[in-house]
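Here is a short briefing for a reader new to this structure. Please look over the sequence and the model before reading on.

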Amino acid sequence: MRTRNAALVGALCVGLSVALTACGGGGEDPDAGTNGVGKLDPVKIQDQARSAARTAPAVHLSGSVVSQGRTYKIDMRLKRDGGTGQVSSDATTFSLLRVGDELYLKAPAAFWSHGDGAGAKPSSSTVPKGDSAAAAGKLEKKYVKVPSGDPSYQKLKGFTDKDVLLDGLIGLHGKLARGEHGTVGGTRTIRVSGAGGSGGTLDVSLTGTPYPLRVQRAGGAGQLELADWGKDFALAVPAKGETVDYGKAIPTGG
């Protein structure tokens, strides 16, 4: 009788295997078939994600960042020797292109007349004087080369610097904890949170290289998604007809 009952229980387990992963209360291993990062200590998960980001040759970063009470939307493609894309706020949108140390800015006329309200416009010493509306009109829809000595150069360059931008985004604050498994863009992920979530969260790929795929910044300071890791893209200095040197081509007046 006991043998027969054992056989019936075994058959029942097989019959229910589609709905239940095991009889007796077990569960499917959420890390089965993954790169194994999901089983690591949360500090090691963050470290591996940061290391993967640093060594990757390229990435596409998009989302929002809150800084000094203003929200900026970012859509940038970055690699080791430069980057290209757009930065938008409620006031304006401008495009950035960096090839090596050469940095170019393209913006609407209103940007050159009034700036974006956050100090991103090149300094008054290099912006054309005199008839500002006419000067701004000449700069519109043109790539303007930003001199490396201009106070805005480093700030604008930061949007195009892969390592600087990612190092500032990936670090979480507070005690780290390993969170739930999930998906980002169809890729399986493990989440790491800082300070119970108030210190930010990081979703790391469980497929292949443990790249960071989504970052929620501490204090509600924005969310960004990172994709196309390692996917190269072309970078080239703009053609002569697409550029304006506002230090030479535009009269500065007095």
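Leaving aside neighbours within four places in sequence, which residues is Thr160 in contact with? They are Met76, Leu78, Gly82, Gly83, Leu96, Arg98 and Leu103. The model is a predicted one.

**Thr160**
- Thr160 sits in the loop between α5 (153-158) and α6 (162-170).
- Its relative accessible area is 0%, so Thr160 counts as buried.
- One of its contacts is polar: the side chain of Thr160 meets the side chain of Arg98 at 2.8 Å.

**Helix α6**
- At the start of α6, a side-chain oxygen of Asp161 comes within 3.3 Å of the backbone nitrogen of Asp163.
- Lys162, Leu165, Leu166, Leu169 and Ile170 are the buried residues of α6.
- An α-helix has 3.6 residues a turn, so residues three or four places apart point the same way.
- Exposed Val164 and Gly168 are carried on the face of α6 turned away from its buried side.

**Nonpolar cores**
- The largest nonpolar core has 46 residues.
- Leu61, Phe94, Leu96, Leu105, Leu166 and Trp229 touch the most other members of that core.
- Another core, of six residues, lies apart from it and includes Ala58, Tyr104, Phe233 and Leu235.
- Phe233 also has a charge over its ring: the charged end of Lys79 sits there, 4.9 Å from the ring centre.

**Aromatic pairs**
- The structure holds two aromatic pairs.
- Tyr104 and Tyr143 form an edge-to-face pair, because their planes stand at 85°, with ring centres 6.5 Å apart.
- Tyr104 belongs to strand β5 (residues 102-106) and Tyr143 to strand β6 (residues 143-145), so this pair ties together parts 39 residues apart in sequence.
- Both Tyr104 and Tyr143 are buried.
- Tyr211 and Trp229 make a stacked pair, 4.7 Å centre to centre with 5° between the planes.
- Tyr211 is in the loop between β9 (201-205) and β10, while Trp229 is in the loop between β11 (223-227) and β12 (243-244).
- Trp229 has a relative accessible area of 14%, so it is buried.

**Pro212**
- Pro212 lies in strand β10 (residues 212-216).
- With a relative accessible area of 0%, Pro212 is buried.
- Beyond four places in sequence, its contacts include Ala49, Ala53, Ile170 and Trp229.
- Pro212 and Gln46 are 166 residues apart in sequence, yet 8.5 Å apart in space, C-alpha to C-alpha.

Technical notes. Residues are numbered from 1 along each chain as its sequence is written. This is a predicted model: local features need pLDDT of at least 70, side-chain atom pairs count only at pLDDT 80 or more; totals for chains, interfaces and linings use all residues. Side-chain values use heavy atoms; hydrogens and water are left out. A nonpolar core is a set of buried Ala, Val, Leu, Ile, Met, Phe, Trp, Tyr and Cys residues joined through side-chain atoms within 4.5 Å. Buried means under 20% relative accessible area, exposed over 50%, partly exposed in between (1.4 Å probe, protein chains only). Helices (H or I, at least four residues) and strands (E, at least two) are DSSP runs, numbered from the N terminus. A polar contact is a pair of N or O atoms within 3.5 Å; within protein, one must be able to donate a hydrogen and the other to accept it, and residues adjacent in sequence count only if both atoms are side-chain atoms. Contact means heavy atoms within 4.5 Å. Rings of Phe, Tyr and Trp (its six-membered ring) pair if their centres lie within 6.5 Å; planes under 30 degrees apart count as stacked, over 60 as edge-to-face and the rest as tilted. A charge sits over a ring if NZ of Lys or CZ of Arg is within 6 Å of the ring centre and within 35 degrees of the ring normal.
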